[in-house]
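Good morning, and thank you for the time.

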Amino acid sequence: MTIKTLLLSSIFALASQHALAAPVPIDEVVAVVDDDILMASELTERIDSVKRQNAGGALPPADVLRAQVLERMILESIQLQMADRGGIRISDAQLNEALGRIAAQNNMTLPQFQKAMEKEGVSFASARQQILNEMRISRVQRFQVGERIQITDQDVDYFLASDLGKMASAAEYNLGHILIAVPSEASPADLQAAAKKAEMLVKKLRNGADFRQMAIAESSGRTALDGGDLGWRKEAQLPGIFAPVAPKLQVGGISDPIKSASGYHIIKLKDKRGGNTQLITQTKTRHILIRTNEVRDQQQAEELINQLYQRLQAGEDFAALAQEFSDDPGSGASGGDLGWVNPGDMVPEFDATMQQTGAGKISAPFESQFGWHILQVENRRQTDVGAENQRNQVRQMLYGRRFEEELPIWLRKIRSEAYVDIKERP
């Protein structure tokens, strides 16, 4: 609401009263922020929201809380006005997607989330508007602050070479453990029996026996009743006897028996994360996309994709048909070539069909949110993207760290440059 709108509303309200009674204030202005005003009712609503979110927790005195919330509202107003001037908009689809994610984080559908909020006395319309404001403010911050942050390859190299970088980027291993213990004064026969039992268990495990059940039944280790679970450990945190073995195992692999003073150990690599090795299966693929448009409705699009499929089945060249018919502006001119595609890069329908189609094969027509597709899988390969992913993760981490440092500086700057008039309470 602009000051001009407020003044017009006040004029109409006063005119309707015809001076028959003294004006009764329904609301009051608590702050003027550039071209915006903040009302007492808005401030009260935000304070109530903070109290609900911190129910049972310690809050500052009422006057301090009021000042803190008002200051936050002032900064929000400044940034929302910047969003208005910059033409930053959030579509209904984007807002609904964000609300859906919030609901999913609370294990609810969006209608369930709305009912839960209203049950707690929270206006869903107000919450929706607040989330919309937060999304617009986030974009303003990204444009104004994030655009000025540059993370170079040298920055990434320096971090990875540092002690902190080596620790943060080290691989982690999730291990299962079984111990076949031997007495402290074990005889050669005891050792032989323990070794034989360990070898037998390894054979059973490699043939599909359940590791957790085997650990509970057979292990003398301290985590036996937890199924032998050792949890996630970085390589430097692994027991010395496991450190040379675990990194060489494939996920799901079972080690040979490992001898120590306490007996024979068997470990299973349940999972691995981090490090600079991450193999994925990439697929080299082409596709033809047929969309609906001003002259082609849904039925006609489906008929055309089926006609093209029949022509492909008859032996016509995929690339030639893609060049002639595909509505994908990015790949159509190059015969539908999408290059090497990682799992999850495409929309779910495309990704699932691509994974199910054999190398050298052509899929049947299928539909996604973009239209009707036919895809051709040309080849597959195993690619190590671990180093690339590791560098991307470090780059994002350094960006986030720099952003958090720069944001308060920028907020102080825009606050000092804005016209802010905080009204005293009567």
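What follows is a short account of the core, the salt bridges, the surface patch and some individual residues.

A word on the source. This is a predicted model, in which local features need pLDDT of at least 70 and side-chain atom pairs count only at pLDDT 80 or more, whereas totals for chains, interfaces and linings use all residues. Residues are numbered from 1 along each chain as its sequence is written, and side-chain values use heavy atoms, with hydrogens and water left out.

I begin with the nonpolar core. By that term I mean a set of buried Ala, Val, Leu, Ile, Met, Phe, Trp, Tyr and Cys residues joined through side-chain atoms within 4.5 Å. Buried stands for under 20% relative accessible area, exposed for over 50%, and partly exposed for what lies in between, with a 1.4 Å probe and protein chains only. The largest core has 33 residues, and the members that touch the most others are Leu38, Leu43, Val69, Leu70, Ile78 and Trp410. Two or more residues each come from strand E1 (29-33) and from helices H2 (40-53), H3 (62-85), H7 (153-161) and H14 (386-417). H3 gives the largest share, nine residues. Helices and strands here are DSSP runs numbered from the N terminus, a helix being H or I with at least four residues and a strand being E with at least two. As a general matter, nonpolar side chains in soluble globular proteins tend to be buried together.

Next, the salt bridges. How many does a search of the whole structure find? The search returns 18, where a salt bridge is a side-chain nitrogen of Lys or Arg within 4 Å of a carboxyl oxygen of Asp or Glu.

One of them joins Arg402 and Asp155, with the closest N and O atoms 4.0 Å apart. Arg402 belongs to helix H14 and Asp155 to helix H7, so this pair ties together parts that are 247 residues apart in sequence. Both partners are partly exposed, Arg402 at 29% and Asp155 at 25%.

A second pair is Glu172 and Arg273, whose side chains meet at 3.0 Å, N to O. This pair also links distant parts of the chain, with Glu172 in strand E3 (172-181) and Arg273 in strand E6 (263-273), 101 residues apart. Arg273 is partly exposed, at 39%.

The third pair is local in sequence. Lys413 and Glu417 form a salt bridge at 3.0 Å, N to O, and both lie in helix H14, four residues apart, about one turn of the helix. Lys413 is partly exposed at 45%, whereas Glu417 is exposed at 55%.

There is also a network: Lys284, Arg286, Asp337 and Glu378 are joined through salt bridges that share partners.

Asp297, Glu302, Glu303, Glu349 and Glu367 form a negative patch. A patch is made of residues with over 30% relative accessible area and no salt bridge, with like charges joined within 9 Å and nonpolar side chains (Val, Leu, Ile, Met, Phe, Trp, Tyr) within 5 Å. Asp and Glu count as negative and Lys and Arg as positive, while His and the chain ends are not counted. Glu349 sits in helix H13 (348-356) and is partly exposed, at 35%.

Finally, some loop residues. Asp34, in the loop between E1 and strand E2 (36-39), has a positive phi of about 50° although it is not a glycine. Asp34 is partly exposed, at 26%. Asn107 likewise has a positive phi, near 60°, and is found in the loop between helices H4 (92-105) and H5 (110-119). At 72% relative accessibility, Asn107 is exposed. Pro343 occupies the loop between strand E8 (337-341) and H13 and is partly exposed, at 41%.

Technical notes. Areas by Shrake-Rupley, 256 points an atom, 1.4 Å probe, with all protein chains shown as cover. Charge placed at Lys NZ, Arg CZ, Asp CG, Glu CD.
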